[in-house]
Amino acid sequence: MPEIAEVETVKKRLNNEVLNKRIKNVKIIYNKTIESDIKEFQTKLINEKFTAVLRRGKYLIFQTDHYDIVSHLRMEGRFYYKPSSDPVLKHEHVIITFDDDTDLRYYDSRKFGRMCLLNKGEYINYPGIKKLGIEANSKELTAKYLNDCLKNKTIAIKTALLDQTIISGLGNIYDNEVLFVSGINPTKPANKVTMKECEKIVANSKIIVDEAIKCGGTTIHSFESALGVTGGYQDKLLVHGNNGKPCRNCQTLIKKIKVNGRGTYYCPKCQK
């Protein structure tokens, strides 16, 4: 699943490709992708232009002159920008055609991704966005804020950090990496995490996410950020996906366990 770095990469690439292009047609192939009224989605966007592509947490927001399209890629959603003459692929569910005969196509083999058309500026009130916590690499993210969020939670710190209402954009990959660099066991109860440990989590979250963004995100399994571009941060992962490999700090073998159903990688020695 794309996380903050991958979605930020998608946003940047799309801003380079689709801005100021007039929409002449919208085709919906898989109706369930659209949460709002399908007919309005198709008709209201005609003659509109994308003025900006924004990101909030793991959401993309396509802004036009009069509307916002809120999009969540979910498991394996991708956007592709290509000539309209290219054959339509099996899992291309939404096709937005511009007046220069190019398309923005939404591809999703799992069919979990969703889009919703709203009036301009209303994306901030979209239910999934409205409840998001502070961004994982934001200056506003502080140890005190995190400590206040965790102090009454008995769930594992790994699970708490995946809660998008606490920190938005941080997903399974970067959660594993942040906890490893911070030296915190992923199963530790969130309310037992100290202020000092919160300081480490906050600092390392910002460092890791910013570096991952610079690298274009992480390519895991079949995920591609957009337009055929794949990330480079997977080469820098310290624990995620490294089950059975020696820890780079102490040579202890990395272990994989399940924490609340999520694959979790950690070093038994560095993260006692």
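The model is a predicted one.

**Entry 1: strand E7**

I started at E7, residues 102-107. Which strands does E7 pair with? I found E5, residues 78-83, joined to E7 by 6 bridges. E5 and E7 run antiparallel. I looked up phenylalanine 79 and found its bridge partner in E7 to be tyrosine 106. E6, residues 92-98, is joined to E7 by 5 bridges, again antiparallel. There I noted valine 94, which stands opposite tyrosine 106.

Next I checked the turn. The hairpin of E6 and E7 has 3 residues between the strands. Aspartate 101 takes a positive phi near 60° in that hairpin.

Is E7 buried or exposed? I counted 6 of its 6 residues as buried. In a regular strand the side chains alternate between the two faces of the sheet. I listed Thr102, Leu104 and Tyr106 as pointing one way from E7. Asp103, Arg105 and Tyr107 point the other way. Both sets are buried.

**Entry 2: strand E3**

I moved to E3, residues 59-64. Here 6 of the 6 residues are buried, so E3 is largely enclosed by the rest of the structure. I wrote down Tyr59, Ile61 and Gln63 for one side.

What pairs with E3? E2, residues 50-56, is joined to E3 by 6 bridges and runs antiparallel to it. Leucine 54 has isoleucine 61 of E3 as its bridge partner. The E2 and E3 hairpin has 2 residues between the strands, and glycine 57 takes a positive phi near 60° there.

I then followed E3 onward to E4, residues 67-72. These two strands pair in the antiparallel sense over 5 bridges. Leucine 60 stands opposite serine 71 in E4. The hairpin from E3 to E4 passes through 2 residues.

**Entry 3: glycine 244**

Last, I looked up a loop residue. Where is glycine 244? I placed it in the loop between helix H7 (195-214) and strand E11 (255-259). Its relative accessible area is 43%, so glycine 244 is partly exposed. Beyond its neighbours within four places in sequence, glycine 244 is in contact with Leu253 and Ile254. I also checked tyrosine 265, which is 21 residues from glycine 244 in sequence. Their C-alpha atoms are 9.8 Å apart.

Definitions and conventions. Residues are numbered from 1 along each chain as its sequence is written. This is a predicted model: local features need pLDDT of at least 70, side-chain atom pairs count only at pLDDT 80 or more; totals for chains, interfaces and linings use all residues. Side-chain values use heavy atoms; hydrogens and water are left out. Buried means under 20% relative accessible area, exposed over 50%, partly exposed in between (1.4 Å probe, protein chains only). Helices (H or I, at least four residues) and strands (E, at least two) are DSSP runs, numbered from the N terminus. Two strands pair if DSSP finds at least two bridges between them. Contact means heavy atoms within 4.5 Å.
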